[in-house]
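Please keep the sequence and the model in view while reading.

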Amino acid sequence: MASVITIGHPVTAISLMFFFAAPAMALAFWALAGVFTRSDWVRVVVGLLWVALAFALGAFGSANVPLLMVMVFLPAAFAFTFKAVGMYGTEDLVHSHASVQAAGCAALCFAVTVACEPQLMFPLVICLVLFLGFVRSHRLMLLLIPVPGLVLLLPTLVNSVHYASVGAWRQLFADVLQPLPDSAPASLSFGQVISRAFALPLGADMRVQPFSQRGFEVLAILVALCVIVVVALVALLLPFALRASRMMWFVALTGLVLAMVASRICVSVKGGDVFSASVLPGVVLTLLALLSCACIVSGGAVKRFVPLRISESEQDKANVESNGVKGRVKGVAIAFGRALLVVVLALSACLAAAFGMVSRGNEVAASDAGLPMVAVDYLHDKESHRILALRAVADNHIDFSVMRSRRGDLVDVSPAWNASVASGASDLSVDLIAKASSELLSNGNDDAIETLAKLGFGGIYVSGDKSASDKDATLRLISNINSSDGAQSVVNAANGTYYRLTKVDENKQGVSMKGQNKAQRSVWRKTWLWCLGMVMVVYVLVAIPRTRRYGWDQA
């Protein structure tokens with residue numbers, strides 16, 4: 001949707017998704033809370049608490065767009081699911097009913113969710129099977145919901161199964177973002193998973209350190225989480241909501257199990273460091289279920305309908321019920337309990353937001369850094385043109401990236417490739433690039449320049465970013481390239497130096513496009529795209545509201 005609004009501009013689309021994520025996720029949880037309670041105060045406070053937890057998890061501070069989209073669409077998906085089977089609260093004299101339009105909306109929302117974080121597919125499928133046994137009727141609605149998500153992930157699932165022996169299944173737990181620095185695979189317990197999700201301090205023995213070392217912010221998030229868990233436990237004791245509370249607690253447990261499993265799976269290797277899958281999707285699913293249980297505790301909060309004209313006998317009965325001591329005490333107790341719940345949840349939202357603002361920091365910044373225009377013009381001349389970008393991190397550490405655009409493309413990030421590398425796979429071209437780059441970092445080398453030219457590169461760009469590279473190592477790398485035959489300096493600026501490779505004629509430069517062309521012409525790819533398009537069109541048409549005489553969705 002963001003790409004359609006921005007007419008295909010990815011940078012603008014990502015910015016749009018980032019800045020509108022907070023109000024969108026608040027509205028999404030407002031809708032989910034409305035399934036369990038009609039109290040506007042509870043719905044508003046829980047929506048704000050959901051946004052505050054996003055800050056506490058670092059989703060905004062690190063611009064984790066996939067996680068932000070999960071936190072926008074996952075509550076909406078569950079809200080539409082309950083509405084699809086007719087399990088939602090209504091005002092007095094209004095009866096709930098199943099809706100095929102809600103089922104279509106739920107299917108589309110779940111498709112976006114699993115596309116952002118494929119690992120959520122596992123707990124959601126398990127929850128679907130459980131819901132089939134808990135719902136009273138309209139089970140067919142539930143069977144319609146997972147179809148778009150499964151079709152969307154079909155190539156990933158097929159690739160994971162076909163190459164499972166070489167570790168391709170790891171890509172189901174990965175996403176397009178770079179793994180967090182302190183996310184090595186480990187057998188984490190429940191407390192350690194929560195600590196990793198909220199970036200709480202962990203010792204060398206993987207135990208949670210005393211919160212006094214981090215002060216108020218750690219105590220704040222721990223108190224907020226404890227309040228959410230305690231309130232959710234109360235939902236299990238309420239006789240009027242046993243079915244809904246058990247369903248959401250099962251969702252919470254599946255999310256927690258997913259997070260514990262993800263912490264044990266390696267999905268990426270960079271240098272000598274290994275990184276596990278993110279625990280955040282599972283933790284988000286758990287928090288969603290616990291907050292739903294908090295909404296259940298508040299009760300229906302339905303205002304009784306009073307007709308304008310009633311008979312004398314009904315009036316006398318209403319007066320007895322309203323004037324009775326027992327009825328008045330019960331009403332006051334319920335109102336006081338609901339008000340207390342609102343205050344407690346509001347304080348939890350403030351504590352979570354304070355933790356997110358103070359402890360998680362803000363790594364989001366706008367940058368116009370990129371390749372110089374002469375390099376961009378070279379890339380635009382031919383589709384197969386590539387430039388090698390180098391960054392000297394230390395005297396013995398150099399990073400490289402293959403550039404086909406000015407600032408790189410997020411679509412070039414391949415979780416499948418990272419998963420294969422984590423499983424021990426290697427590529428000859430990548431090994432040659434790594435060897436040539438390291439040789440240039442150590443000394444001038446004509447053979448390294450020739451190797452890069454034969455691989456199809458037409459230029460080398462040495463980044464001068466002082467925040468991510470070592471100044472002395474960068475100067476030595478530039479000096480070594482200057483002393484090597486076959487590299488001509490074109491641009492020398494403070495933010496980077498660009499060299500044109502002259503070992504191979506420019507008309508013959510370019511990487512091999514055989515693999516890409518083969519994939520684009522694949523019959524299976526075209527078949528999948530047509531099937532995906534038809535499924536999405538059908539579900540969009542189903543999800544369009546069509547009202548009856550009284551404004552009800554068609555069941």
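Which side chain meets that of Arg391 in a salt bridge? The side chain of Asp399 does, at 3.2 Å from N to O; a salt bridge here is a side-chain nitrogen of Lys or Arg within 4 Å of a carboxyl oxygen of Asp or Glu. This is a predicted model, in which local features need pLDDT of at least 70 and side-chain atom pairs count only at pLDDT 80 or more, while totals for chains, interfaces and linings use all residues. Residues are numbered from 1 along each chain as its sequence is written, and side-chain values use heavy atoms, with hydrogens and water left out.

Asp399 is buried, because its relative accessible area is 16%, whereas Arg391 is partly exposed at 28%. Buried means under 20% relative accessible area, exposed over 50%, and partly exposed in between (1.4 Å probe, protein chains only).

The sheet comes next. Its five strands form an open sheet in the order β4-β3-β5-β7-β6, with mixed pairing. Strands (E, at least two residues) and helices (H or I, at least four) are DSSP runs numbered from the N terminus, and two strands pair if DSSP finds at least two bridges between them. At the edges stand β4 (397-403) and β6 (487-493); each has a single partner strand, so one side of each lacks a neighbour in the sheet. On average, neighbouring strands of this sheet are turned by 20° against each other, direction ignored. Strand β3 (residues 386-394) pairs with β5 (residues 457-463) in the parallel sense over five bridges, and Ile387 stands opposite Gly459 in β5.

Two helices lie across these strands. Helix α20 (residues 446-454) lies across β3, β5, β6 and β7 (496-501), at about 120° to β5. Helix α21 (residues 471-482) lies across β3, β4, β5, β6 and β7, at about 150° to β5. Contact means heavy atoms within 4.5 Å; axes are lines fitted to C-alpha atoms, for helices over the stretch in contact, and angles run from 0 to 180 degrees between N-to-C directions.

The structure holds four salt bridges. One of them joins the side chains of Asp395 and Arg476 (3.5 Å, N to O). This pair links distant parts of the chain, with Asp395 in the loop between β3 and β4 and Arg476 in helix α21, 81 residues apart. Asp395 is exposed at 51% relative accessibility, while Arg476 is partly exposed at 28%.
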